[in-house]
Amino acid sequence: MKLIEKLGLSALHKFKPETAHDLSIKALAMGLVPLPGAPFGTERLACEIAGLKLANPLGLAAGFDKNARVLKPLMGAGFGFIEVGAATPRPQPGNPKPRLFRLSAERAIINRFGFNNEGVEAIAARLAARPNAYPSGIPVGLNIGANKDSTDRSADFAEVVRKAGKHCDFVTVNVSSPNTEKLRDLQGPAALAALLDGVLAARDAIGKPLPVFIKIAPDLEADALADLAGVAMNAGIDAIIATNTTLSRSEVADLQARETGGLSGAPLFDRSTMILAHLYKLTGGTIPLIGVGGITSSDDAWEKIRAGATVLQIYSALVFQGFSLIDEILQELDERLAREKISLQELTGSGVEDWL
């Protein structure tokens, strides 16, 4: 199976990155990708975040299945939870192509998609129709955003919650994508507080206990990060995802690094993990943190948890290592927890000082 996957990845990498991504979605939809069929789980790996019970702590980050087209196969890929989107109120094509770049030597990706998606109504319909919905299946959340040409971007986030909130298990407020002009301005304390008030009011109006997460950028200065942590705690946000892609290119030497957009993958690991650790210290561990950025192995997963992560997400590593990486990380993580006689909960935040 590993050989088949390796050959498949090699074939995909002969195509332009966005074409390869579209082909991978089609292959999943057609059942051509060998998957375990269920999340990998043991008593040691079972965990919880924001009231959601997970078989394991490894989730799929938003961006892979933007339009919730392959929920059924992804729910059998081994993940403990899945995030789809980002969804905006109205469909939009995103930025002009090319807008996805593969830095193979660096095991990195640059994208400047710009929230290309089919709109919240189409995505909500697929979420509503998904088989084996949580709690019988695994939790599926929706990353939410604003239309590029919106005159009231804060209102866009609330509108997506109103239209899709009943059909997903959590929502993630995405104010950290670098690919929609001035979107990151919404991370400022006053703007963010107002935006979150609207999202939480929309959540409360649908009459369903729906956890609300927020996804932050890895490029925040110390003062801005502290302000954001304070706003999140005051608002009662259920979890913070650290982090989105970076605008920095200091970690890569590839000639394609000059392309604009957000950088993800292995070079992001240190930067995103330091932000995670600082956030854990700022919040005193009172808000669950989701560690994402550059995870390529069980050792990386271990360090993210030590730095303060309750659970984790991956995406870019799958481009280079395939879906077998999911079970590989989880099996090795489970074995190490047993060997070192420590629980996930005890591991979380135990190495914060090493990252500060």
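The model is predicted; local features need pLDDT of at least 70, side-chain atom pairs count only at pLDDT 80 or more, and totals for chains, interfaces and linings use all residues. Residues are numbered from 1 along each chain as its sequence is written, and side-chain values use heavy atoms, with hydrogens and water left out.

The protein chain holds twelve helices and 13 strands. These are DSSP runs (helices H or I, at least four residues; strands E, at least two), numbered from the N terminus. Along the principal axes, the C-alpha atoms fill a box of roughly 50 × 45 × 45 Å. Of the 356 residues, 57% are buried. Buried means under 20% relative accessible area, exposed over 50%, and partly exposed in between (1.4 Å probe, protein chains only).

Salt bridges number 20. Each is a side-chain nitrogen of Lys or Arg within 4 Å of a carboxyl oxygen of Asp or Glu. Arg130 pairs with Asp169, with the closest N and O atoms 2.7 Å apart. Arg130 lies in the loop between helix H4 (120-129) and S7, and Asp169 in the loop between H5 and strand S8 (170-174), so the bridge ties together parts 39 residues apart in sequence. Both partners are buried: Arg130 has a relative accessible area of 9%, and Asp169 has 8%.

A second bridge joins the side chains of Arg90 and Asp149 (2.9 Å, N to O). Arg90 sits in the loop between strand S4 (81-87) and strand S5 (100-103), and Asp149 in the loop between strand S7 (140-144) and helix H5 (153-164), 59 residues apart. Arg90 is partly exposed at 40% relative accessibility. Asp149 is exposed at 55%.

Lys281 bridges to Glu353, with the closest N and O atoms 3.4 Å apart. Lys281 belongs to helix H8 (residues 269-283) and Glu353 to the segment after helix H12 (344-347), so parts 72 residues apart in sequence are tied together. Lys281 is exposed at 52% relative accessibility, and Glu353 is exposed at 53%. Elsewhere, salt bridges link Arg69, Glu118 and Arg126 in a network.
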